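Hi everyone, thanks for making time today. I'd like to walk you through a structure that may be new to you, so please take a look at it with me.

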Amino acid sequence: MIKVTLTNEILKYITEIDKNRYAVSSVKLSGAAVNKLRKNSKKKSSYASTKIEGNPLSEKQVDEVIESDERKHYLKPEQEVRNYFLALNYLEEMAKRNEKFSKKLILDVQKYVEKGAFKEKIGLRGPMPPGVLFAVYDSQTGSPDYIPPEYTDIPKLLDELVEYVNTTDDHPLIIAAVVHYQLVTIHPFEDGNGRTARLLSGYILDVNGYGFNGIGSLEEYFAYDVEEYYDSIQMGLPSLYYSGRDNPPHPEIWFHYFLRMVLLYSSKLCELSESSSGKELEGSLSYLKGKEKELLLFLIENYKREFTPIEVSKEFGVTNKTIINRLAVLVKNGFVVPNMVKERIRSYELSDFTKQNVKKIKKLIG
């Protein structure tokens, strides 16, 4: 299995990524904004990851396919991007449950990736017909680019990977890089190996706090230069798995590449998060009228905890109904949240979005 020695360069990458992780986590967006960004990111990932495998659809076509009726009949390229999107949704749910990395999880993800394919394409690959070599072939020359391990070795290799993930004290970024490399290299399936590897590598990042709130697409960075991506995985080694790819002599080639892509991705997310926060705040405030902005400022100054409309109405010298109407607008735009008891609003409080952006709100309202 691939192993890494922590060099100064690798430690520097990890330190810089951790800084970006902290910066992104400190930017608070409303739930609606996060959900919108996440969905857009999953579309971008579906486009980029399938593009690496030669999918011909444009980014606009991918967006249209994902948004279209699920009952429609899809061509293979369309089904591929929908499958990837569904797999991302599935892993998002698994991450919420903190589902352990397992052989079952690997098989379930590949099943999503190959949804709609022939049965023999789903699950671990088996023996080939006599005289037929299972390999990844060069589409132009017809010669084998990569000859993976024998199918009989696959269960043992996957067990070894699962045990590593669940017992190692390696840094999560290193674990994600190992998972990515091992799944591509073990090549446990007839099809969908690369997509499954990228999905599960992302899952490792997500469950360990390096998912950056699901915003942005790491796959886009792998797809930017597909040749460099494959060269980094292959590391100039012979095509036969047993001739060095099982334990590469210079694993730092892959780890440097992987961490550099994560650093580029996380750096971009810092910019995206800050920009999204500013735009969302300005956009939400633009829907408020003068009296509603006045109420919001009053609440920020005077109510750090929950409050009722009646106590605020006394302070403002207006009716309870007037305050309730103004609060409804603040709730709609994410500044205030209602506290419910038996389907009735008992009280209100400032949203986390408001609490995190107090200084900006005061400055923008003036």
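This is a predicted model: local features need pLDDT of at least 70, side-chain atom pairs count only at pLDDT 80 or more; totals for chains, interfaces and linings use all residues.

Let's begin with the largest pocket, which holds about 790 Å³ of space. Its lining is made up of 31 residues, and if you want to find the centre, look for Ile52, Glu53, Val136, His187 and Tyr230, the closest ones to it. Which elements give two or more residues to this lining? They are the helices α4 (76–96), α7 (172–186), α8 (193–207) and α10 (226–234), together with the strands β1 (136–137) and β2 (144–146). The top contributor is α10, with 7 residues. Sorted by class, the lining of this largest pocket has 12 charged, 11 nonpolar and 8 polar residues.

Now for the second largest pocket, with a volume of about 650 Å³. Here 33 residues form the lining, and those nearest the centre are Gly202, Asp206, Gly211, Gly214 and Tyr265. The elements giving two or more residues to this lining are α1 (8–25), α2 (31–52), α4, α8, α9 (219–224) and α11 (252–286). And which of them supplies the largest share? That is α8, with 7 residues. By class, the second largest pocket is lined by 13 nonpolar, 12 polar and 8 charged residues.

Conventions: Residues are numbered from 1 along each chain as its sequence is written. Side-chain values use heavy atoms; hydrogens and water are left out. On a 1 Å grid over the protein atoms alone, a cavity is a set of points where a 1.4 Å probe fits but cannot get out, and a pocket is an open set with protein on both sides within 12 Å along at least five of seven lines; lining residues have an atom within 4 Å of a point. Grid points are joined across faces, edges and corners, and a volume is the space filled by probe spheres set on the points. Helices (H or I, at least four residues) and strands (E, at least two) are DSSP runs, numbered from the N terminus. Ala, Val, Leu, Ile, Met, Phe, Trp, Tyr, Cys and Pro count as nonpolar, Asp, Glu, Lys and Arg as charged, and the others, Gly among them, as polar.
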